Amino acid sequence: MASIFRRRRNRATQTERVRERQHEGFLRYAGFRWAKISGALGLIVIVSYALIDVTPRHNGGSWYGYTLGTIGALLILWLTALGYRKRKMTSDYWSLKAWTSAHVYLGLSLIVIGTWHTGFQLGWNVHTLAWALMMLVILSGLYGVVVYATLPQALSNNRDQMTQMQMLEAIRAFDRQLHSAAQPLSPADTAPVLASLDENPFAGGIGARLSGRYPRCATAAALSALAASHGSAPEAREKVVGLLRQKQAALARLRAHLRIRALLEIWLYVHVPLTFALIAALSAHIISVFFYW
Amino acid sequence: MSFILRRIATTKTGKQIIRDQPLPGDTITLGRDSANTIHVADLAVNPHHATIGSGDGRTVRVTAQEGLGFDLNGRTETVADIDSAAGAELRFGGHRLTIAREDDKIILLVERIDELSQASKDVDEVKAFSLQSVLFGKRVGAWTFAALMLLAFLIGPIWAWHSYRGVDERPNGFHADSAWLSGPLSSAHANLKNDCQSCHVDAFVAVTDNACVNCHTGEHKAMSMAHAGAPTAMLLAARHPPGLGEKVLAGFAEAFNKPAGRCVDCHTEHEGAGPMAATPQKFCADCHDGMAGRLKSAGHPTMLADAADFGTSHPELRPLVRPAAGAKPVRAMPGKPWRDYNGLKFPHDLHLQATGGVARMAASFRGRYDFGKKLECENCHRPDADGVRIKPVEMERDCAMCHSLAFETVGGVTRTLRHGEPDQVVADLTAYYRSTPPARPLQLGGMARRRPGQYAEGQVYNIYFREVAARPSRAADAVRAVFSEGGACYDCHTIFPPAAGNNWRVMAVNQTPRFLTKGWFDHDAHRETACADCHVTATESKASTDLLVPALRQCRDCHVGEGGARIVKVETATESPCAMCHEYHSDGGKPWQPKRERKRQLSSITHQPSRAIYDVSLITGKRERGLYDVSWRTPSLQGARQGG
């Protein structure tokens, strides 16, 4: 008897070791347990939808529609609770990884539950609005899963073992060197350098962050202006041009970093506000059904 | 007059170390160039930016040299006179020059106040590197969106409902609760699109029948006669035991105050624009499937047979029949051959033969009537005005083309025995003999074989055949001959000889106008189909007591259940819900059907049965045919040319 338990424990630690070695993320958590569960859930919904004959036709108001709608609404509330759960440090309840895994896969199954709840009757009304918001939230979440799976590698490659502040510090160092190196330059040549120094490396709106394109970059402008200039002493200018080039490289690294981070984060700015919009629209949808019963 | 340049250094512990350095000369130069008295290593400062001098040792004059000015009290100046006692702060690029006066000395304090570069400024790492710095916070978005949604789609609609409470009809225009419309209304109710309250009167109260009968004051006021007459307990017992799903639905309905049995249970709305959908078969089958057993066990035995689906589970048709001559019509019992005694003698097989006397005779009338090479059903059976049913056969219209009752021509006028009035017949014949003995024998045989092409309706043709071999010479004989076997009346009618003071009598003919009283059959909807495709026993029927109404089997050749269910092979299936034939409200009329479905049924008939045996045979319907005004030139295809 004791040997059975020991063996089981051994096996458990063995599994644990394998897991640690392979870094089991939330996607492959517990051997895709939640992927299987939600896949089965979606399949059950699709098959039962086809098999169950409701009168007069499938829509949200049939008993089947009510069932799916109730499941879907509760699921939405539970999925939203991830935002609460992740802020709450626990050791005894579900691990956050398990919770996230379930969040992702059950959220995907909501595509089937929600859409089949509609009975494919869509229109320009609050009911379809709730559905559309739900789909937007799910799609943004799907985007989030994809970028979480792919972009950290690019982020790490770009970082080249530097921390964020080290990247910024590099720019600051070049700025200091530029400042002293540019002292001998003529006022005409100083202006672009000054503009480069005056440039906030974090400037640029959401568009620049996402695209990583900064067409009015003062450092690039200073580089081209000084390369074409003949005003100051050539040695001083050469030195400044060299520094500008290095600053530009450092800026490019920082901006690539910002871009990847923006791509990693942007979906949450859709996912979270739209979730709340969805919950509001869902409340309106449910209340409206019973209001005009 | 001396200027002192003061420098302040701050130690790590925050202690300030002040160093004063007297500056030589009366005029101080300030700039980036190291040759200046005050050297400011600031790229925003010109190499020779400004001069500072003082004439009287009190007022300090600052003059900008190379175009770039300096800031004084927020304004850019190129020259400024400053009272050193009052002091001032001037700004050169990223540096601040403070002028003050201590012990008759003018103190110049130069400090860097701006960061060397923007990048050098302190940043909040968490914020700067994330999107927080360029986007609204998620919380702001979340609450804003949620509030907008609630405002537009919850508070707005409720407000719209609230502001029109008790108002009969809402004005046109936008009403916020139209956002709650779960689907387009049917075309009949389309004008109520903006007036949700016309049906949804009270909040959280399901649509009541009151809302319906406010407008539908007439025919739909109640449930059908058949169903309204039944006790409630019986109706409840008829319902099939609820399945899991229906229990769920019933639970919902009960929990949220949605009573069952309302008009809208069957007449569902918001199912899409266009005509309201026909009530689906499930609503009937819910009770009628297995109902007999349930009713019996509940103590309400019924004669009604179970019906669930036309294609698979529908009781045999039970047309109205008269089980004996002169009996009252009753619905035929299932399982027995149908016998309907209508009082006539009529062998359909003889009349529909492709060869033989009848066919020859019919062929001889081609051109006069719309006969073909033989008789067709529609030559004698005429649809009524709306095409739904077939009119009862009328002797003058439908038989007399061949079965003439003419017996004499006087001066070009043909005299005919009065059909339907046996006493008149007796009188006419008696009168005929009383005047003058007939010059020629009378033609009194109803079915005497006539020479093709020479005899037609309205013509007297005096020849002697078997039927008139006993040539009557007296009136009584003539009367007896016409009422006896071989006589004109006897051949088609059941004759009662004179007895107990009665004269010759003809049994009353009862033609049932509608055999299927519980269901609706529309001949017009089936005009693309040949009669014989359904009335299959017509060509073999030897007696008029054979009821030729098709059985369920014939219907199922084309008609399948609503969902396509069938038990026989069907080439072109017409999906048939209960409402195609049965009218729930039992007003005896045509079951209501959406227009698109009516159209669909006709267009779906693509594989017509072969009609090779019918050259031209369309039911003409409306065309009345005069008995005596036909001409030899009447084209035989007249009906077809009129379009049927």
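**View 1. The helix pattern of chain A.** Read along its sequence, chain A of this predicted model follows the pattern α-α-α-α-α-α-α-α-α-α-α. That comes to eleven helices and zero strands, where helices (H or I, at least four residues) and strands (E, at least two) are DSSP runs numbered from the N terminus. Chain A has 293 residues, and 37% of them count as buried; a residue is buried if 20 or more other C-beta atoms, placed from the backbone, lie within 10 Å of its own. Residues are numbered from 1 along each chain as its sequence is written, while chains are lettered from A and ligands numbered from 1 in the order in which they are written. Because the model is predicted, local features need pLDDT of at least 70 and side-chain atom pairs count only at pLDDT 80 or more, whereas totals for chains, interfaces and linings use all residues.

**View 2. Two helices of chain A side by side.** Here α6(A) and α11(A) pack at an angle of about 160°, with their axes 8 Å apart; the axes are lines fitted to C-alpha atoms over the stretch in contact, and angles run from 0 to 180 degrees between N-to-C directions. The two helices are therefore roughly antiparallel to each other, a term for angles over 145 degrees. What classes of residue make up the contact of α6(A) with α11(A)? There are 25 nonpolar, ten polar and two charged residues, with Ala, Val, Leu, Ile, Met, Phe, Trp, Tyr, Cys and Pro counted as nonpolar, Asp, Glu, Lys and Arg as charged, and the others, Gly among them, as polar.

**View 3. Where chain A meets chain B.** The contact takes 60 residues from chain A and 53 residues from chain B; two residues are in contact if their C-beta atoms, placed from the backbone, lie within 7 Å. On the side of chain A that touches chain B, α11(A) gives the most, with 21 residues. By class, this side of chain A has 38 nonpolar, 14 polar and eight charged residues.

View 4. Chain B has 19 helices and 20 strands. Strands β1 (residues 3-10) and β2 of chain B run antiparallel, joined by eight bridges; two strands pair if DSSP finds at least two bridges between them. Look for Arg7(B), whose bridge partner in β2(B) is Arg19(B). Five residues lie between the two strands of this hairpin, and Gly14(B) in the turn has a positive phi of about 95°.

Methods
A residue is buried if 20 or more other C-beta atoms lie within 10 Å of its own, exposed if 12 or fewer, and partly exposed in between; C-beta atoms are placed from the backbone. Angles under 35 degrees count as roughly parallel, over 145 as roughly antiparallel, 65 to 115 as roughly perpendicular and the rest as oblique.
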